[in-house]
Amino acid sequence: MNELHIHRLDLNLLRVFDVLLQERNATRAGARLGLSQSAVSHALGRLRYALDDDLFVRDPRGLKPTPRALEIGPQVNSALAQLQAAFAPSTFDPATTERRFVLMAGAYTCGVLVPRLVERMAREAPNAGLVISEFGPDILEQMDGRRADFVIGAFTSGPARLVQEVLLTEHLVWVVRGENPLPSGPINLETLVSVPHVVIARSRTDVSGGMTIPGSWEDPDAFESELAALGLKRRIGVTTPDTYSAVSVVRQSDMAALLPARMANLTKQTGLLRVLEPPYVSPKVELGLIYLADRMADPAMVWMRDLLRQVAGEV
């Protein structure tokens, strides 16, 4: 890119590029920016000329960024965020804000925390937006590029620029359907392994920077060691990719599944499931709230962080 092209760039072109990189779709990007699809295409054409790169190419899923777009994307996003912070008021009013918050989370957070979070936001920040996205190996890239504000999950420690605080502590319980032959009172290990088990086995995800997303809530080593000490062995009837699939199987069978207690209590309210306390010492699981330390200079980020803390305390 030569000097003449730099002078011809304007902030609106960079905003279009930033949103296109997030949405990978010209129609959705235009809706967020208040522009027509043709206006987005025109802006992209100007950017392509200025940067001497296609930036995005069409594929069956929408617009695929080129290596050059992926290279400059985090820097553009960070620069726009800094400009927004520089011109933003020093105070934040949730009652009038139209801020869009992006939270990366899994099924547990969506089932246990998000409904209450949405309820609180509707009362306190009715014009604010909330986007929940799945987490994957690009977590740090998403956060460094300001495309994600917070991550909630059980993670190993990450780089120093991230703050990781315990949002809540969870313990695990077994669930069975109401008509399951297992007794309703306390059970022992022999009784627990008398029925097949549903195992949730999502693949573990390794994130750059040394972070790891566990593949499941269950700690098989702790459970299997308890069984081995008594010469017992369980039978796995079904393996599912997520918690909600496991619950569906349990509702229609005599199998048992291990779930986080708060999620189990939500499903128990339907009257179709019973909760059984584990007949062994089950390790506690800590759910963490993760964010970039330098973003706490933004009053909106502080407000959302505190709201997440409050919601976690309420559940």
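Tutor: Gladly, and please keep in mind that this is a predicted model. Helix H2 (residues 11-23) and helix H4 (residues 37-51) pack at an angle of about 105°, and their axes are 9 Å apart.

Student: Which word describes H2 relative to H4, then: parallel or perpendicular?

Tutor: Because angles of 65 to 115 degrees count as roughly perpendicular, H2 is described as roughly perpendicular to H4.

Student: Which residues meet there?

Tutor: From H2 the residues are Leu-13, Val-16, Phe-17 and Leu-20, and they meet Val-40, Ala-43, Leu-44, Arg-46 and Leu-47 of H4. Sorted by class, the contact of H2 with H4 has eight nonpolar residues, no polar ones and one charged.

Student: And how does H2 pack with H3?

Tutor: H2 and helix H3, which covers residues 26-33, pack at an angle of about 130°, with 9 Å between their axes. That angle makes H2 oblique to H3, and the crossing in which H2 passes H3 is right-handed.

Student: What does the contact consist of?

Tutor: On the H2 side there are Arg-15, Val-16, Val-19, Leu-20, Gln-22 and Glu-23, which meet Ala-26, Arg-28, Ala-29, Arg-32 and Leu-33 in H3. By class, the contact of H2 with H3 has six nonpolar, one polar and four charged residues.

Student: Where is Asp-52, and is it buried or exposed?

Tutor: Asp-52 is in the loop between H4 and strand S1 (56-59), and Asp-52 is exposed, its relative accessible area being 68%. Asp-52 also has a positive phi of about 55° without being a glycine.

Student: Switching to Thr-66, where does it lie, and is it buried or exposed?

Tutor: Thr-66 lies in the loop between strand S2 (62-65) and helix H5 (67-87), and Thr-66 is buried, with a relative accessible area of 11%. Thr-66 and Leu-55 are 11 residues apart in sequence, and their C-alpha atoms are 5.1 Å apart in space. Not counting residues up to four places away in sequence, Thr-66 touches Asp-53, Asp-54, Leu-55, Phe-56 and Val-57.

Student: Now the largest nonpolar core: which residues touch the most other members?

Tutor: That core has 39 residues, and Leu-113, Met-143, Phe-150 and Met-304 are the ones that touch the most other members. Elements that each supply at least two residues of this core include strand S3 (100-104), helix H6 (107-112), strand S14 (285-292) and helix H13 (299-314). The largest share, eight residues, comes from H13.

Student: What is Leu-113 in contact with?

Tutor: Leaving aside its neighbours within four places in sequence, Leu-113 is in contact with Tyr-108, Ile-152, Leu-167, Leu-168, Leu-287, Val-311, Ala-312 and Val-315.

Methods
Residues numbered from 1 in each chain as written. Predicted model: local features only at pLDDT ≥ 70, side-chain atom pairs only at ≥ 80, totals over all residues. Heavy atoms only, no water. Core = buried A, V, L, I, M, F, W, Y, C linked by side-chain atoms within 4.5 Å. Buried < 20%, exposed > 50% of the residue type's maximum accessible area, 1.4 Å probe, protein only. Helix = DSSP H or I, 4+ residues; strand = E, 2+ residues; numbered from the N terminus. Contact = heavy atoms within 4.5 Å. Axes fitted to C-alpha atoms, helices over the stretch in contact; angles between N-to-C directions. Parallel < 35°, antiparallel > 145°, perpendicular 65-115°, else oblique. Left-handed = near helix turned anticlockwise from the far one by under 90°. Nonpolar A, V, L, I, M, F, W, Y, C, P; charged D, E, K, R; others polar.
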